[in-house]
Amino acid sequence: MSSPLLQVQGVDVSPDHYIDGRRVASATTFEVFRPIDQQLLGRVCEGEAEHVESAIQAARRAFGAWAALTAAQRQPFLDRFAEEIGKRADAFSVLESNDAGVLQSRMRHGVVPRSMLNLTWFARHALGLQDRPIETEQASHRVRHDPAGVVVIITPWNSPLLLSTWKLGPALAAGNTCILKPPEWAPLTCSLLADAAHAAGLPPGVFNVVQGAGASTGAKLVADPRIARVSFTGSVPTARLIAQAAGANLVPCSLELGGKSPFIVLADADLEGAAATGALMYRNAGQVCLAGTRFLVHEAVAERFVAALRAQVERLRVGDPREPDTEVGPIIHPRQVERVLGYVQRAVDGGARLLWGGSGHAFGAQYVQPTLLTNLKQDDEIVQNEVFGPVLTLQTFADDDEALQMANGTDYGLGGVCYGATEHAIAVAERVRTGFIWVNSFGIRDLEAPFGGIKRSGIGREGGDWSFEFFCDVKDVVVPRKPFKASFSQR
Ligand code: NAD
């Protein structure tokens, strides 16, 4: 039986799981709070062993028929899924803003259209996945990309809709069936996503949502030997647990993890442009994996860059993410506020100097002031660890080699930003050890391009063909050119 709907600022959303095309309630529930003011939004069903089991069984049952469709036959399902997201654009925007603190304006104009594209683009791109022939003297190879099976998708709270559809699009388009485990601090938009999938007519079991805590529900899903892939976005400690559990069954994982990316400002950079981009690092209250959180600035321009950045930061509108003008919203959870401020306090105690910010924000208990720290050493905790809040650091360098030493001097390697005269900036960017880096820009993401990190920032790439390489089993069907003669001396 399904539970009564929750009402969140006029939007109805189910607190239940979505398994085998139906809403399924569970006796155990957990509370979901609004980040802005910690108001209780409702209680949501917690996935127990029986829900994990029925989701895996449903996804396995659905796999045969879904995988047997051609990419062209699956495409209309994904197009309709995207359309149903579009019909709910306002609801998704209101809900994720309440549930995760994401700016409502960004949801409406950025996240929702992009989430739709995550489905339609990969559905179209999958049309090119048909046999890829390789012709040699000996044989004709038909290299196939077959769907792998049941895919478990686990996403974090900082952008649940976007990150879920980024994985669902290619996984479903390639012919897999999916079980999504949404973040427990912000599960509601993934529940609405199940409504959209249902309205789009996705066959039962093709897409399932099982809610619950990572350590219980998530851990059960990733440890099950019947699953074929785990696609995870989240933190490094969780990734280690997931890789261990999936590794025990030799189940491949794609791990998109945290970052501590450099934002390099060379002496020949456009300082105003760099500062305007620099202020964007406070977006989503700094809860963005790919932000360039470490400013590395040439000593000759550091003073001017800081002045330009300060002017930008003073103009930032911190406030309620549901208001259209707000640029910086809340931190997801009181525990996270404490963690962020703890990092700042320890840095200051260790000799760091605050250029601005450093404490809670007057707007509310869930807010931290945009903060910039300087006077740091490379091995300081605040330089090495991901804070995941509106806290940035600034170090200066004398030449490119020193900039690169600092840029490459952490265990992370997700993204990066490099501002400077174009050829100079490209040359420096090419020497940064990272998964991707933006030259004189930030945040350009094309679905064709690979996305992912190196070192502690992750394993594997998703995006474009890379998504299909991960979500498919590659198989070579070898057909000899001449009649085959069996021989023990054949090489
Ligand atoms: P987290 O690792 O705590 O949780 C992420 C997800 O994993 C949640 O759904 C959680 O329930 C689940 N989980 C936790 N323990 C689990 C277990 N043992 N087994 C299975 N699932 C488990 O991360 P978070 O705090 O929600 O998100 C913030 C982190 O995500 C940051 O480190 C950030 O950099 C990273 N992130 C990375 C990217 C990227 O694309 N590289 C994007 C966004 C966020």
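## Around the ligand

Trainee: How many residues surround the ligand?
Mentor: Keep in mind that this is a predicted model. The closest residues are K181, E184, S235, L257 and E386. Counting everything with a heavy atom within 4 Å, the residues surrounding the ligand come to 29.

Trainee: Which side chain has an N or O atom 2.5 Å from an oxygen atom of the ligand?
Mentor: With G234 it's a polar backbone atom, 3.4 Å from a ligand oxygen. The side chain of S235 has an N or O atom 2.6 Å from a ligand oxygen. The 2.5 Å distance belongs to the side chain of E386.

Trainee: How much of the ligand's exposed area does the protein bury?
Mentor: The ligand sits in the largest pocket. On its own, the ligand would expose 850 Å², and the share of this that the protein buries is 89%.

Trainee: Why does the ligand lie between two domains, and which ones?
Mentor: Look at who gives residues to the shell. Both domains do, so the ligand lies between domain 1 (6-257 + 457-476) and domain 2 (261-439).

How values were computed:
Residues are numbered from 1 along each chain as its sequence is written. This is a predicted model: local features need pLDDT of at least 70, side-chain atom pairs count only at pLDDT 80 or more; totals for chains, interfaces and linings use all residues. Side-chain values use heavy atoms; hydrogens and water are left out. A polar contact is a pair of N or O atoms within 3.5 Å; within protein, one must be able to donate a hydrogen and the other to accept it, and residues adjacent in sequence count only if both atoms are side-chain atoms. Accessible areas come from the Shrake-Rupley method with a 1.4 Å probe; for residues, only the protein chains shown count as cover. On a 1 Å grid over the protein atoms alone, a cavity is a set of points where a 1.4 Å probe fits but cannot get out, and a pocket is an open set with protein on both sides within 12 Å along at least five of seven lines; lining residues have an atom within 4 Å of a point. A molecule sits in a cavity or pocket if more than half of its atoms lie within 2 Å of its grid points. Domain bounds come from an automatic or database domain assignment.
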